Structures are given as structure tokens and as C-alpha cells.
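Dear colleague,

Please find the structure below, handed over for your use. My notes on it follow directly after.

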Amino acid sequence: MEPSGIATIGVEFVELERFESELTNMARILEKDEKGEEFISWRNGYLTSIQNRTDEISPKIRVYGEWAHEKWATGGKTSAIQSVITAAGGENIIGDLDKYWIVLDPEAVMSKNPQVIFLACWSDMLGLTGYSIESPDKADAFLNDAYNRTGLKETDAAKDQRIFIIDAGGVLSSCRSFIATLDCAKRFYPEQFKDVNPEEVNREYFQNWIGVPYKGIWSYPQAI
């Protein structure tokens, strides 16, 4: 578009660590600086609360996050999976690998023995989560298969019924990744987050920030 004199900018809004600077730049371009600052303040209030409640926890809970459309596909250091797990106070079981995307051997997951597992589902690929999903039946069946999958069923996460589904496009790697972080933190450390309701924060985002009715399934089962 350069020959036409059209300036362009690309932002990903994927990594939690880069979101604030990306949104600040976007708000400045759109001359919505005050609105951008207001949203960042609201968002950061939750992230700071999570950090304050999890900083002193040791050892951190071991977590495996999977891109659910491909079995054993996960993310290392530079991934959204890593960003959310770490910000929620957990330890990514392959967080030492400098990979955005990697497909693991099932034995690698079993050997790390995660205590919590989440399956990040893209709505257009699996149709388990998203704004238009009303019934949890498909998500429930998918989760049941995960609990019985060789390589997962041997883990502490499966034995303790701590596997869950979270929406990838709408929550995990987007402007709402802080809501996924809140959802994960409550599941990782339920005692520390008994007073937190991620679903209500998500509802507030829809109604107060983008001005549309709240509906859909964004994680399953809900973190209550």
C-alpha cells in the first residue's frame, strides 16, 4: 500500500507482555488515548491481583497447555500458552523450550506429569467454544475423550479431574487473554481465588467495553 500513500500498522495482540504497548500505540493512532488508558488500567488491575496472590507460591503448579485441534501440539517460551500459564502463576512443563509451536511425544507429557491441563480450542476448527455456542455437549464429549487418552489419563491432572477447555481465539490469544489468565489462576490455585469469578469479568468486558450482549461458551467446565 506504500505507493498509494496509505500508512499501515500490524499488531498481534497475542502475548500478554506486549499487549499494553500495542494497545497504547493503536489508541494513539485512533486518537482514543484516554479510552486506551482506561482499558489498560482495568485490565492491569486483574493481572496485578493475580501476581500478588501467586508470587510467593512455591513450587508452582505444573501445567500442560495444548492446541486442541492437533493432539500434543503446545507452545514453549515465545507462545501465548506460555504467557498465560506464567502470568497465572503456573509453570509450563516445556517452558524451557524456545518454541512457539511444538508437537510433543506423549511420553514427554507423561514424564513431566502436569497437575493441570487445558485444551485451547479454536471455534472455527472444533466448534466447542465461542460466541455462537449454546450447548456444552460437544465440549463435554471432547473433554471425556481427553480424560481417556493414553498419555493424558496417566497424569495427576487427569486423576484429579483437572483438565479443562478454554477458547483459543476469543480468550487465550486476544485482547481478552487476561481473562484466560484469571480463569487459569482460579483453576491452578482455587483457594487463593475463591472470591474471583472469571465469567463475570468476561461478561463485563462484553457489556462495558465492546457493547454487545454476553453469550457463548468460553471455558468448560466453568471455573466456579
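I begin with Phe188, which is in contact (heavy atoms within 4.5 Å) with Ile61, Val63, Ile85, Ala88, Gly90, Val116 and Arg162, leaving aside its neighbours within four places in sequence. This is a predicted model, in which local features need pLDDT of at least 70 and side-chain atom pairs count only at pLDDT 80 or more, while totals for chains, interfaces and linings use all residues. Residues are numbered from 1 along each chain as its sequence is written, and side-chain values use heavy atoms, with hydrogens and water left out.

The nonpolar cores

A nonpolar core is a set of buried Ala, Val, Leu, Ile, Met, Phe, Trp, Tyr and Cys residues joined through side-chain atoms within 4.5 Å. Buried means under 20% relative accessible area, with exposed over 50% and partly exposed in between (1.4 Å probe, protein chains only). The largest such core has 41 residues, and Phe118, Leu172, Phe178 and Phe188 touch the most other members. Helix α9 gives the most to this core, with seven residues. Another core, of 24 residues, lies apart from it and includes Ile93, Leu119, Leu143 and Ile217.

Helices (H or I, at least four residues) and strands (E, at least two) are DSSP runs, numbered from the N terminus. Two packed helices are described by the angle between their axes and the distance between the axes. Axes are lines fitted to C-alpha atoms, for helices over the stretch in contact, and angles run from 0 to 180 degrees between N-to-C directions.

Helix α2 (residues 33-54) and helix α9 (residues 177-188) have axes that come within 10 Å and cross at roughly 20 degrees. α2 is therefore roughly parallel to α9; angles under 35 degrees count as roughly parallel, over 145 as roughly antiparallel, 65 to 115 as roughly perpendicular and the rest as oblique. The crossing of α2 past α9 is left-handed, a term used if the near helix is turned anticlockwise from the far one by less than a right angle, with right-handed used if clockwise. On the α2 side the contact is made by Phe39, Trp42, Arg43, Tyr46, Leu47 and Ile50, and on the α9 side by Phe178, Thr181, Leu182 and Ala185. These residues divide into eight nonpolar, one polar and one charged. Here Ala, Val, Leu, Ile, Met, Phe, Trp, Tyr, Cys and Pro count as nonpolar, Asp, Glu, Lys and Arg as charged, and the others, Gly among them, as polar.

Helix α3 (residues 80-87) also packs with α9, at an angle of about 55 degrees and with the axes 8 Å apart. That makes α3 oblique to α9, and their crossing is right-handed. Val84, Ile85 and Ala87 of α3 meet Ser177, Ala180, Thr181, Cys184 and Phe188 of α9. By class, this contact has six nonpolar, two polar and no charged residues.

Individual buried residues

Thr54 belongs to helix α2 and is buried, with a relative accessible area of 3%. Not counting residues up to four places away in sequence, Thr54 touches Lys60, Ala88, Gly89, Tyr189 and Phe193.

Ser79 sits in the loop between β2 (73-74) and α3, and its relative accessible area of 0% makes Ser79 buried. Leaving aside neighbours within four places in sequence, Ser79 is in contact with Lys99 and Tyr100.

Asp167 lies in strand β6 (residues 163-167) and counts as buried at 2% relative accessibility. Its C-alpha atom is separated by 5.6 Å from that of Thr129, 38 residues apart along the chain. Beyond residues up to four places away in sequence, Asp167 touches Cys121, Ser123, Thr129, Gly130, Leu172 and Trp218.
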